[in-house]
Amino acid sequence: MKNKFYLSLTAILVTATLVPLVSFAKTETFKMKPFITAESSKEEIAGGLQLLFKNSLSVEELEKRVGDSQAFQSLVYDTLNTAIAKNPNIQVETSEKTFRGNFVKETTIKFPSLIQRANNHPANTMIARIYEQSVQDKNCDYKYPTTIMLHHILNEVEKIEEAATYISAGILNKPSIVVVIQMPHYAQRRLADGSENFLNSDLASFRKNMAQLILDVHLLKNYIETRSNVDTNHISLTGFSLGAVMGLTIGAFDQSFNSYGFLMGGSDMANILMNRVTSNPTSEVAEALNNSVKNEDYIRSEIGAVDSLTWLHRYKNKETFFLNNSQDVVVKYKENVQPTLDILKANENQVATRVNEGGHVPTGSAFTKFKEIFRPLNDFIMKGAPDKSDVCPMRGGN
């Protein structure tokens, strides 16, 4: 009966999300905040790079890689600190719509990104969507655990938004608030001709895109903290596939999140990218790197400054969750996941893991995916937060 309930509720929700019932817009203001951690030292960065390059760098090569990493770190920190000093107030546009069926409210938020491109580029605007239960009990001051979610490499943001809809509706048991960010060069932030990609053969451009995403996520969290129904003690950063790979680096820079969840993600980005190219020569990664030298060592040297192994030392005393698949040939558990777990544990982080059967792309029915992927993720998002039934005992859990 429970399975049938979930499936029938899913069918109702899918139908409900086709047509918005109510829509309106407004403008708000929030303040940017600095990162809560100082910049990493030269020695800390060198230690991370030695792990990434397996102690194979010469003194001269290590010095160059450290310099590249320091330049990337300075780009991120200096851009944020300069903007705060100039004017910490950011104006954000919000537009809300409640879907027919009255299950879920979607709020689209937009504000200027701190990294701008010429000619009114669509990537200049940070865009994210907040998914939450549409009916809020005004007599119950319940604060919802909230996650900012990073999507995978394909330009299919709407699929992650659909998953967010299910989670926030309470299909997975306890409802949370899910915020799906559109990464630069995706969805509405993409040029109409599709000529620019987040991951591309110009690896210097990719590093810039990573800096922009770190800053976009940080400012988005600053805004989310101002919303009245958000539990600011339970805001997590989560990501799928490439979103999890990049999320490890984003989280290293922004340690203000209370927890971090990574689905089908790991470290050593160059290895992961080449695993994808090798396993599927016509994949989206192979296409994105079409004009680049498809050599793992070369790619690692170009993007080592943004790889999470370079920055994992920044995670300290954090809750983390990794969900991976046992037959994944893209993000391999032994090569990409286990070293990450070992480093995090050594830095006194709390590390929870789950390993499912299957390859990199989850298979099975919608219910199977809910049970094996989204429900464990939502349990992690909710971990340590009070139940709504405890806060509002006379009004039920949802």
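This is a predicted model: local features need pLDDT of at least 70, side-chain atom pairs count only at pLDDT 80 or more; totals for chains, interfaces and linings use all residues.
Residues are numbered from 1 along each chain as its sequence is written, and side-chain values use heavy atoms, with hydrogens and water left out. Local features need pLDDT of at least 70, side-chain atom pairs count only at pLDDT 80 or more, and totals for chains, interfaces and linings use all residues.

Strand β5 spans residues 144-150; helices (H or I, at least four residues) and strands (E, at least two) are DSSP runs, numbered from the N terminus. Seven of the seven residues of β5 are buried, where buried means under 20% relative accessible area, exposed over 50%, and partly exposed in between (1.4 Å probe, protein chains only). Both faces of the strand are covered, with Tyr-144, Thr-146, Ile-148 and Leu-150 on one side and Pro-145, Thr-147 and Met-149 on the other.

Two strands are taken to pair if DSSP finds at least two bridges between them. β5 pairs with β7 in the parallel sense over six bridges, and Thr-146 stands opposite Ile-235 of β7. The pairing of β5 with β6 (residues 177-182) is parallel over five bridges; here Thr-147 stands opposite Val-178.

Ser-241 is placed in the loop between β7 (230-240) and α6 (242-253). Its phi is positive, about 55 degrees, although Ser-241 is not a glycine. Ser-241 is buried, at a relative accessible area of 16%. A positive phi of about 55 degrees is also found at Asn-55, again not a glycine, in the loop between α2 (42-52) and α3 (59-86). Asn-55 is exposed, with a relative accessible area of 60%.
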